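Dear colleague,

Please find the structure below, handed over for your own work. My findings follow it.

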Amino acid sequence: MKKIFCPAIVALVAALITFTACGGGIDYSDFISERRAQVYLYEDDSISVKVHISSRESPYLSDGYKGEMQELCEVFVTFADSPDSVTAKIGESGGEMSYMSVSDSFYLSFTGSDLGDSAQVELTYGEETRQITAPSALYDGVITCEEALESARQYDSELFLSLTDGNNFEGEIYVRLLADEGKCYYYVGVIDREGNTAAYLVDGENGNVIAERKL
């Protein structure tokens with residue numbers, strides 16, 4: 001039977017794992033090659049804006065190895081009636097957004113870090129310039145990326161052990177904060193060096209693994 005963890009227990013276990021790592025064990029968070037810890041959202045009848053703040057390897061390769069990490073800000077914008085071109089700016093960073101035909105949306109990425117409680121996004125399209133305030137999707141009680149990873153590790157300890165060789169983990173890990181209808185979740189993905197992927201959807205409040213898939 002799979003165990004269910006409350007946030008306090010998850011936090012305690014994560015702390016114990018970190019302590020063990022300092023004493024010569026393994027800290028699986030050292031093998032996270034994508035860590036999305038912040039999401040900002042705004043939506044009205046005419047526009048939807050989403051901002052992701054991540055630390056991600058570069059180049060971005062699903063090869064089972066963690067690469068050099070960089071801080072990344074990604075902006076996604078969807079319009080009720082898509083304009084021909086869009087420029088986005090957050091602080092001093094920004095530029096022309098790329099159009100993605102599959103999702104009928106616009107995308108831009110640049111180096112960036114946590115923006116605090118909200119993202120101030122300036123959008124220019126056609127003859128219009130709009131200042132958008134997108135609040136953080138995080139709220140009190142949401143667990144951290146590291147706690148979500150620990151929940152997945154506890155849920156499927158056999159997989160993690162099979163990829164562990166002493167102090168080394170023979171794979172890479174993605175942990176992505178997700179937000180849907182006012183609730184937070186985490187995607188935890190484990191990619192081994194053969195290209196196999198195990199994916200877990202973790203409840204962002206209590207750490208329960210509520211779905212899994214292996215490819």
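In this predicted model, strands β8 (residues 118-125) and β9 run antiparallel and are joined by eight bridges. One of the pairs links T124 to T129, its bridge partner in β9.

Both strands belong to an open sheet of four strands, ordered β5-β4-β8-β9, with antiparallel pairing. The edges are taken by β5 (93-96) and β9; each has a single partner strand, so one side of each is left without a neighbour in the sheet. From one strand to the next, the twist averages 15 degrees.

The loop between β9 (128-135) and α2 (145-155) contains S136. Is S136 buried or exposed? With a relative accessible area of 19%, S136 counts as buried, because the cut-off for that class is under 20%. Leaving aside residues up to four places away in sequence, S136 touches Q38, V39, Y40, G116, D117 and S118. The side chain of S136 also has a polar atom 3.1 Å from the backbone nitrogen of L138.

Beyond this loop lies helix α2 (145-155). Nine of the 11 residues of α2 are buried, so the helix is largely enclosed by the rest of the structure. The buried residues of α2 are C145, E147, A148, L149, E150, S151, A152, R153 and Y155.

Yours sincerely

Technical notes. Residues are numbered from 1 along each chain as its sequence is written. This is a predicted model: local features need pLDDT of at least 70, side-chain atom pairs count only at pLDDT 80 or more; totals for chains, interfaces and linings use all residues. Side-chain values use heavy atoms; hydrogens and water are left out. Helices (H or I, at least four residues) and strands (E, at least two) are DSSP runs, numbered from the N terminus. Buried means under 20% relative accessible area, exposed over 50%, partly exposed in between (1.4 Å probe, protein chains only). A polar contact is a pair of N or O atoms within 3.5 Å; within protein, one must be able to donate a hydrogen and the other to accept it, and residues adjacent in sequence count only if both atoms are side-chain atoms. Contact means heavy atoms within 4.5 Å. Two strands pair if DSSP finds at least two bridges between them. Axes are lines fitted to C-alpha atoms, for helices over the stretch in contact, and angles run from 0 to 180 degrees between N-to-C directions.
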